[in-house]
Every structure is written in structure tokens, then in C-alpha cells.
Amino acid sequence: MSLGHKRQTREIITKAICGKGRKFSTVTHTVTPPHHPTSILGAWIINHQYEAVAAGNGIEVIGTYDINIWYSYDKNKQTEVAKETVSYVEPISLSYLDPKHRASTVEVSAEATQEPNCVEAGVAPGGGSVTIRVEREFEAELVAETKLRIYVSDRDSDPEDKDYDFEAEGFDYEDLDPDALDDEL
């Protein structure tokens with residue numbers, strides 16, 4: 001089989017990570033309990049659910065979580081837990097996006113690298129509501145079909161006639177430290 005030229009290129013279509021992004025955010029929610037709170041005894045986030053969807057040149061994480069606030073009222077004589085479900089849309093811009101991916105094959109995913117967590121809660125000025133500061137962080141990926149270009153040559157070509165040396169002299173793969181490898185490659 002002769003290719004006619006010493007070197008030719010071929011294109012391989014494969015699924016690959018074609019976009020990545022990460023976003024850390026801090027949001028403030030206001031919850032109005034049935035009684036005017038005197039003090040906040042505790043606040044926490046539970047029942048976090050989310051999904052990722054493609055949105056233009058980015059990814060949106062759409063989700064909900066419940067905010068529970070344990071508070072005292074009636075001059076610290078009684079306590080109660082107020083609960084409120086919060087919906088959110090978190091846009092994540094991609095720090096890398098392969099412009100040549102096939103848009104019709106896009107699949108997106110997101111992972112909460114930091115689940116929503118209440119970092120501060122306090123009685124709002126005026127005393128009728130509670131403000132809660134929540135931190136959350138997501139990492140997102142866009143997977144799609146894309147093309148890779150490879151060089152091919154006929155079988156009769158000289159193995160010494162290559163542009164790249166894939167074997168470095170004196171290098172042994174057994175000497176690699178797996179702890180030093182970057183997971184983000």
C-alpha cells in the first residue's frame with residue numbers, strides 16, 4: 001500500500017474533554033422565620049441537588065438546597081427551626097474551550113468541589129429576618145467529539161526518518177513519582 005508521499009495526515013474523530021471551568025461563589029440569602037429571632041443558634045445547608053446544562057459557550061449549574069436555621073425568640077425563652085428551600089443558577093465560564101468540537105455531541109457535567117456551606121448567619125438589622133452567607137464551588141467539563149490530526153507514513157519509510165523523538169535517552173518510566181503527577185492533565 002503506497003501513500004504516494006512520504007508523510008500524510010489523517011484525522012481521527014474522538015470524544016474528548018473540550019472545555020473546562022471552575023467557579024467559587026459566595027451568596028447571601030435572607031430567610032424570614034415566623035417569629036422575630038432574638039439570636040441564631042445554628043444554620044446549616046442540607047438536601048443539595050443540582051444538574052449541569054450547556055449554556056452558550058459555558059455551563060450552567062441549576063440546583064436547590066434547604067437552609068435550616070435554629071433560632072431563639074421571645075427574648076431567648078423559646079427556640080424553633082426555620083426551613084427554606086433555595087433555587088439557584090450558577091453560570092460557569094470555561095477557561096478552555098476547543099472551538100472545533102462538534103456542538104451536536106456536547107455532554108456536560110459538574111461536580112461540587114465544595115458543597116454549599118453556611119459560613120455566617122445573623123439577625124438582620126430590624127430583627128425580622130436572618131441573613132445567611134453561603135459558599136459553594138463547582139468544577140465543570142464539556143465533553144464532545146473533536147478531530148485529532150495525526151501523521152502517517154508508508155511502511156517502507158526509514159524508522160530513523162521522524163520529526164519527533166518519542167524515547168528520551170536515559171529516561172526510565174519506572175523512575176516516575178506517581179504522587180508528583182498532576183491530576184489536571
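**Exercise 1. Glu137 and its surroundings**

Task: In this predicted model, list the residues that Glu137 touches, leaving out those up to four places away in sequence. Then decide: is Glu137 buried or exposed?

Solution. 
- Step 1. Locate the residue. Glu137 sits in strand β7, which covers residues 130-153.
- Step 2. Collect the contacts. Glu137 touches Arg22, Lys23 and Phe24, and also Glu111, Ala112, Thr113 and Gln114. Residues up to four places away in sequence are not counted here.
- Step 3. Strand β1 spans residues 7-31, and β6 spans 107-123.
- Step 4. Apply the cut-off. Buried means under 20% relative accessible area. Glu137 has 17%, so Glu137 is buried.

**Exercise 2. The overall fold**

Task: How many helices and strands does the chain have? What pattern do they follow along the sequence?

Solution. 
- Step 1. Count the elements. There are zero helices and seven strands.
- Step 2. Read them in order. The pattern is β-β-β-β-β-β-β.
- Step 3. Check the range of the contacts. Take contacts between residues at least 6 apart in sequence: 76% of them join residues at least 24 apart.
- Step 4. Look at burial and surface. Of the 185 residues in the chain, 28% are buried. The accessible surface is about 12,700 Å², and carbon and sulfur atoms account for 47% of it.

**Exercise 3. Salt bridges**

Task: How many salt bridges are there? Which residues share partners with Glu11 in one network?

Solution. 
- Step 1. Side chains of opposite charge can pair when their charged atoms come close.
- Step 2. Set the cut-off. A side-chain nitrogen of Lys or Arg must lie within 4 Å of a carboxyl oxygen of Asp or Glu. The count is eleven.
- Step 3. Take Lys147 and Glu11. Their side chains meet at 3.4 Å, N to O. Lys147 is in strand β7 and Glu11 in strand β1, 136 residues apart.
- Step 4. Take Arg149 and Glu11. This bridge has an N to O distance of 3.0 Å. Arg149 is in β7 and Glu11 in β1, so the pair ties together parts 138 residues apart in sequence.
- Step 5. Lys147 is partly exposed at 47%. Glu11 is partly exposed at 44%. Arg149 counts as exposed at 58%.
- Step 6. Compare with Glu90 and Arg136. Their closest N and O atoms are 2.9 Å apart. Glu90 belongs to β4 and Arg136 to β7, 46 residues apart. Both residues are buried.
- Step 7. Join the bridges. Glu11, Lys147 and Arg149 form one network through shared partners.

**Exercise 4. The nonpolar core**

Task: Which residues have the most contacts inside the largest nonpolar core? Which strands each supply at least two of its residues?

Solution. 
- Step 1. Size the core. It has 25 residues.
- Step 2. Name the residues with the most contacts inside it. They are Tyr65, Ile67, Ile69 and Ile132.
- Step 3. Assign the strands. β1, β2, β3, β4, β6 and β7 each supply at least two residues.
- Step 4. Follow Ile67. Its contacts include His29, Val31, Trp44, Ile45, Val86 and Ile132.

Technical notes. Residues are numbered from 1 along each chain as its sequence is written. This is a predicted model: local features need pLDDT of at least 70, side-chain atom pairs count only at pLDDT 80 or more; totals for chains, interfaces and linings use all residues. Side-chain values use heavy atoms; hydrogens and water are left out. Helices (H or I, at least four residues) and strands (E, at least two) are DSSP runs, numbered from the N terminus. Buried means under 20% relative accessible area, exposed over 50%, partly exposed in between (1.4 Å probe, protein chains only). Contact means heavy atoms within 4.5 Å. A nonpolar core is a set of buried Ala, Val, Leu, Ile, Met, Phe, Trp, Tyr and Cys residues joined through side-chain atoms within 4.5 Å. Accessible areas come from the Shrake-Rupley method with a 1.4 Å probe; for residues, only the protein chains shown count as cover.
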